[in-house]
Amino acid sequence: MGFEEHNRLQQKTWSAGDFLKMGAELSIVGERLCDSIPIHAGDKVLDIGTASGNTAISAARRRAMVTGVDITDALLERARQRAAVEGLQIDFERGDATALRFADASFDVVMSTFGAIFAPDPEKTASEMARVCRPGGKMAMANWTPEGFLGRLFLLLAKYSPPNAHVDGPVSWGDEAILKRRLGPYAKDIRIKRKAVWFRSLSPDHWVEFMKTYFGPAILAFEHSPAAAGDRLAAEMAQLVREFNRASNDTALAESEYLDIVATRR
């Protein structure tokens, strides 16, 4: 699959449902990453794969000058609406992680929470992140680990999705050895912390229905699956929630591990 075809599929996937409803529980990840860097007032920040703007908004709250890019227009519009409600000045624009329009060394911080990992060429994505980051600046990411809840979910969805969807591709960014191989040539040091975020629902079955309705990759997988296969996918998703459930009552409180990464540009 060529890059343009891949991007069209990604646009279709992330335009389906309503990612903002699922992404609400991920907003804390952007807040944490901004503090891990840390973001300073006046920093020029680029958020790649900004989606509905979680991390860009977190950086703007810290008085940074923020640009957020994404390939999906519907998500960018939601991000603009959210920033306007908070009175934040953020430049949201369409942009491809593998071909950023910005000049070399344009930003003090280049970051992405669960966004750049979906670009079709990981090595090109890493080189573009490094190119637009100034020497001594920070390249920061939050990436799902393969063995964590969301990493396992993407691996599961890949079994039921079209073969050219590469739903499991993003998970490789959460492998520390692969991550260091991609960012290592551009970084003086790479700091990695393992952290967790929580997904809540009234029950595992409620969570499956929620994801079928609002989460693009899940919608794609169920659309591609005949009825019997869709029933199996729903059952496997519910079982996955039970495996990671940490709730002390009858609800679902699924713990999902991710890497909090801060690399210093050479």
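Helices (H or I, at least four residues) and strands (E, at least two residues) are DSSP runs, numbered from the N terminus. The legends below describe a predicted model, in which local features need pLDDT of at least 70 and side-chain atom pairs count only at pLDDT 80 or more, while totals for chains, interfaces and linings use all residues. Residues are numbered from 1 along each chain as its sequence is written, and side-chain values use heavy atoms, with hydrogens and water left out.

**View 1. Thr-72 in the loop between strand E2 and helix H5.** Strand E2 spans residues 65-70 and helix H5 spans residues 73-86, and Thr-72 lies in the loop between them. Thr-72 has a relative accessibility of 2% and counts as buried; buried means under 20% relative accessible area, exposed means over 50%, and partly exposed lies in between (1.4 Å probe, protein chains only). Leaving out residues up to four places away in sequence, Thr-72 touches Gln-10, Gln-11, Trp-14 and Ser-15. Contact here means heavy atoms within 4.5 Å.

**View 2. Thr-50 in the loop between strand E1 and helix H4.** The loop that holds Thr-50 runs between strand E1 (44-48) and helix H4 (54-61). Thr-50 is buried, with a relative accessible area of 4%. Its side chain is joined to that of Asp-47 by a polar contact of 2.7 Å. A polar contact is a pair of N or O atoms within 3.5 Å; within protein, one must be able to donate a hydrogen and the other to accept it, and residues adjacent in sequence count only if both atoms are side-chain atoms. Not counting residues up to four places away in sequence, Thr-50 touches Ala-56, Gly-68, Val-69, Asp-70, Leu-76 and Phe-92.

**View 3. Asp-108 in strand E4.** Asp-108 belongs to strand E4 (residues 107-113) and counts as buried at 19% relative accessibility. Its side chain makes a polar contact of 2.6 Å with the side chain of Arg-134. Apart from residues up to four places away in sequence, Asp-108 touches Gly-42, Asp-43, Lys-44, Cys-133, Arg-134, Gly-137 and Lys-138.

**View 4. Helix H6 and its surroundings.** Pro-122, Thr-125, Ala-126, Glu-128, Met-129 and Ala-130 are the buried residues of helix H6 (residues 122-131). These buried residues pack against E1, E4, strand E5 (133-144), helix H8 (176-183) and strand E7 (252-265). At the start of H6, a side-chain oxygen of Asp-121 comes to within 3.2 Å of the backbone nitrogen of Glu-123.

**View 5. Helices H7 and H11.** Two packed helices are described by the angle between their axes and the distance between the axes. Helix H7 (residues 149-160) and helix H11 (residues 227-244) pack at an angle of about 170 degrees, and their axes are 11 Å apart. H7 is therefore roughly antiparallel to H11. Axes are lines fitted to C-alpha atoms, for helices over the stretch in contact, and angles run from 0 to 180 degrees between N-to-C directions; those under 35 degrees count as roughly parallel, over 145 as roughly antiparallel, 65 to 115 as roughly perpendicular and the rest as oblique. Among the residues that make the contact are Leu-153 and Leu-156 of H7 and Leu-233 and Met-237 of H11. The residues of this contact divide into 11 nonpolar, no polar and 5 charged.

**View 6. The largest nonpolar core.** A nonpolar core is a set of buried Ala, Val, Leu, Ile, Met, Phe, Trp, Tyr and Cys residues joined through side-chain atoms within 4.5 Å. The largest one has 68 residues, and Trp-144, Phe-199, Phe-215 and Met-237 have the most contacts inside it. H11 gives the most to this core, with 8 residues. Leaving aside neighbours within four places in sequence, Met-237 is in contact with Leu-153, Leu-156, Leu-157, Trp-207, Val-208, Met-211 and Phe-222.

View 7. A cis peptide bond, with omega about -15 degrees, joins Ile-37 and Pro-38; Pro-38 is in the loop between helix H3 (27-36) and E1. Ala-105, in the loop between strand E3 (90-94) and E4, has a positive phi near 55 degrees although it is not a glycine. Phe-114 also has a positive phi, of about 55 degrees, and lies in the loop between E4 and H6. Ala-105 counts as partly exposed at 39% relative accessibility, whereas Phe-114 counts as buried at 10%.

Technical notes. Ala, Val, Leu, Ile, Met, Phe, Trp, Tyr, Cys and Pro count as nonpolar, Asp, Glu, Lys and Arg as charged, and the others, Gly among them, as polar.
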